[in-house]
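Here are my notes on this one, as numbered points. Have a look at the model first, then read on.

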Amino acid sequence: MNPFDYERAADAAGAVTTVTDRPDAVFLAGGTNLVDHLKLGVAEPGLVVDINRLELTEVEALDDGGLRIGAMVRNSDAAADPRIRRDYPMLARALLSGASGQLRNAATMGGNLLQRTRCVYFQDTSTPCNKREPGAGCSAIGGYTRYHAILGASADCVATHPSDMAVALAALDATVVVLGATGERRIPVTELHRLPGDRPEQDTVLEHGELITALELPPPRPGASTYRKIRDRASYAFALVSVAARVDVDTAGRAPVIREAAIALGGVAHKPWRARAAEAVLRGAEPTAETFLAAADAELEAAEPLDGNRFKVQMTRGAICTLLAELTGVPEALPESTTEDTHE
Amino acid sequence: MGHSLHLTVDGQEHTLVVDSRTTLLDALRDRLGVMSAKKGCDHGQCGACTVLVDGRRLNSCLALALTHDGAEVMTADGLAPEGELSTLHRAFLAHDAFQCGYCTPGQVCSAAGMLAEAADNAPSVVTEDLEGPVELSEEEIRERMSGNLCRCGAYVNIVAAVRRAAEESR
Ligand SMILES: Cc1cc2nc3c(=O)[nH]c(=O)nc-3n(C[C@H](O)[C@H](O)[C@H](O)COP(=O)(O)OP(=O)(O)OC[C@H]3O[C@@H](n4cnc5c(N)ncnc54)[C@H](O)[C@@H]3O)c2cc1C
Ligand code: SF4
Ligand code: FES
Ligand code: FES
């Protein structure tokens, strides 16, 4: 680990000024991602600004019926909050399906959103990686790609965003509240992370020195919702594919009709992937196995899997259909596999 | 650069000067000689370094010591003050819940933390009713202990595999 200066921030504005003023400074929250990267040599800051004593630890009700969650609320505390469990079960489940009990006790809401990819080449400084070192090349393309993207990737980077929590936040239309040198701004969580394009080193739209102070959830919306994660182990592993979904079905008429659906996918793209094409198919349709399949296919039409992750297209299709069937109580009728499963 | 750090570890107070890079785990083991917390992976993946910090279980290998200035740290040693074994320690003994024992201090701390979390009604991902009371079924315990990996856990299976290979190559 390279030597670095250490400072403990007393207040949010001070933390922002300190980091803004030094290009080589970083914020330290729970440290479960950053300290790992310090050890690996993936991050080599000159100054670490510890934000653990900032008073960003409240979960507060908003006037409009929504919820404001401080950036330093620990993942385990957010998941245990009675309002989140009751009104946003999808978020509680996503939080609880991430990492382990110990890690969730340390991990914060802000840090979880800004955790970096788990692409093994990104974490291995002996291999070329455009995200670590712009222009170096991408070791994943043509390499081991089981955990890589099938949607929205570029020729420069095929990494996925690893957060579970962020997927639920994308489906919930959460807002990220950010404090910068020139004041506060609010960013829809679906617009926080970038697709890689030709600048994969830039994970988000945040400027250097901008501090996430809170996440805001809109008032709870009607319908059944949950989060489902598919992984290589029963627990304590990153998602191969995950789905956060909410469906609101109108059962007043002769045939039930989907009023509204919100779906976001994890493990498939460089950012939490809001499945707007699937949502458009579902809106106004009758909830049937055929509808769900058509919705999944509409979203996955754009999929461009790699040699090592072709199985994920079918896996995502299955995950979407199964979850929608569960949430609406419709018996599922999954199609036969149309793609070749790759088991490595 | 040296920074002053104050920690209470297993009931004992310490003041020491550490480099900014020192993790809580390294401060415990290399500076204070508290060997109960183990270093396994050093990357948050195995749970061997689990300790209780102000009553909550954490991976001490991913925590900078300075972040926890002033904290109360409890290791598996401290959970057995003056060698008086806790219920948890005794249960581990009674059920032979270890082979080499390397992961055991972390398992014990994690179990202590987990039992407190469950007593607080904190849900896990396998809790069916997120709002209901938590009942510690076997599935719940497995899920809640999943951050602690035991490399001896597959012991019997490894023996069986080696035996099979030996038989097949005879
Ligand atoms: C073994 C292991 C398994 C894991 N499994 C999962 C999993 O299955 N699912 C999952 O979602 N996650 C998983 N994680 C990741 C874990 O959830 C993240 O490391 C954690 O959420 C990061 O939060 P933190 O507070 O520790 O962030 P830190 O490590 O402190 O910071 C991460 C990044 O965010 C920046 N940052 C932090 N807070 C702010 C802020 N308020 N404003 C601006 N910048 C900020 C830091 O500068 C740093 O760049 C796993 C981690 C490990 C080690
Ligand atoms: S996929 Fe992205 S993060 Fe992984 S090696 Fe390629 S450029 Fe780096
Ligand atoms: S040594 Fe800390 S988790 Fe493995
Ligand atoms: S008993 Fe040996 S590592 Fe668990």
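By about how much of a helical turn are B:Glu138 and B:Arg142 separated in helix H4 of chain B?

1. **The H4 pair.** About one turn: B:Glu138 and B:Arg142 sit four residues apart in helix H4 of chain B (helices are DSSP runs of H or I with at least four residues, strands are E runs of at least two, both numbered from the N terminus). An α-helix has 3.6 residues a turn, so residues three or four places apart point the same way. The side chains of B:Glu138 and B:Arg142 meet in a salt bridge, 2.9 Å from N to O (a side-chain nitrogen of Lys or Arg within 4 Å of a carboxyl oxygen of Asp or Glu). Both B:Glu138 and B:Arg142 are exposed (exposed means over 50% relative accessible area, buried under 20%, partly exposed in between, with a 1.4 Å probe and protein chains only).

2. **Ground rules.** The model is predicted, so local features need pLDDT of at least 70 and side-chain atom pairs pLDDT 80 or more, while totals for chains, interfaces and linings use all residues. Residues are numbered from 1 along each chain as its sequence is written, chains are lettered from A and ligands numbered from 1 in the order in which they are written, and side-chain values use heavy atoms, with hydrogens and water left out.

3. **Ligand 1, the shell.** Residues from chains A and B surround ligand 1, so the site is shared between chains. There are 36 residues around ligand 1, and A:Phe27, A:Thr32, A:Leu34, A:Thr108 and A:Asp164 come nearest (a residue is near if one of its heavy atoms lies within 4 Å). Strand S2 (25-28), helix H7 (109-114) and strand S8 (211-217) of chain A each supply at least two shell residues. The largest share, four residues, comes from H7(A).

4. For the side chain of A:Asn112, the distance to a ligand oxygen is 3.3 Å. A polar side-chain atom of A:Gln115 lies 3.3 Å from a nitrogen atom of ligand 1. Taken alone, ligand 1 exposes 980 Å², and the protein buries 94% of that (areas are Shrake-Rupley with a 1.4 Å probe; for residues, only the protein chains shown count as cover).

5. **A:Thr108 itself.** Which loop holds A:Thr108? The one between helix H6 (101-106) and H7 of chain A. A:Thr108 is buried, at 1% relative accessible area. Leaving aside residues up to four places away in sequence, A:Thr108 touches A:Ala29, A:Gly30, A:Ala71, A:Met72, A:Val73, A:Arg74 and A:Asn75 (contact means heavy atoms within 4.5 Å).

6. **Other salt bridges.** Over all chains the structure holds 30 of them. In one, A:Arg274 pairs with A:Asp173, with the closest N and O atoms 2.9 Å apart. That pair links distant parts of the chain, 101 residues apart: A:Arg274 is in strand S12 (residues 273-274), A:Asp173 in the loop between helix H9 (165-171) and strand S6 (175-180) of chain A. A:Arg274 counts as buried at 13%, whereas A:Asp173 is partly exposed at 28%. In chain B, B:Arg21 and B:Asp19 also meet in a salt bridge, 2.9 Å from N to O. Here B:Arg21 is partly exposed at 27%, and B:Asp19 is partly exposed at 25%.

7. **Helix H1 of chain B.** Buried or exposed? Six of the eight residues of H1(B) (residues 24-31) are buried, so the helix is largely enclosed by the rest of the structure. The buried ones are B:Leu24, B:Leu25, B:Asp26, B:Ala27, B:Leu28 and B:Arg29. Their cover includes strand S1 (2-9), strand S3 (50-53) and strand S5 (72-74) of chain B. After H1(B) comes B:Gly33, with a positive phi near 70°.

8. **B:Gly2.** This residue is found in strand S1 of chain B. B:Gly2 is exposed, with a relative accessible area of 51%. B:Gly2 touches B:Val17 and B:Val18, not counting residues up to four places away in sequence.

Terms used. Polar contact = N/O pair within 3.5 Å; in protein donor to acceptor, adjacent residues only side chain to side chain.
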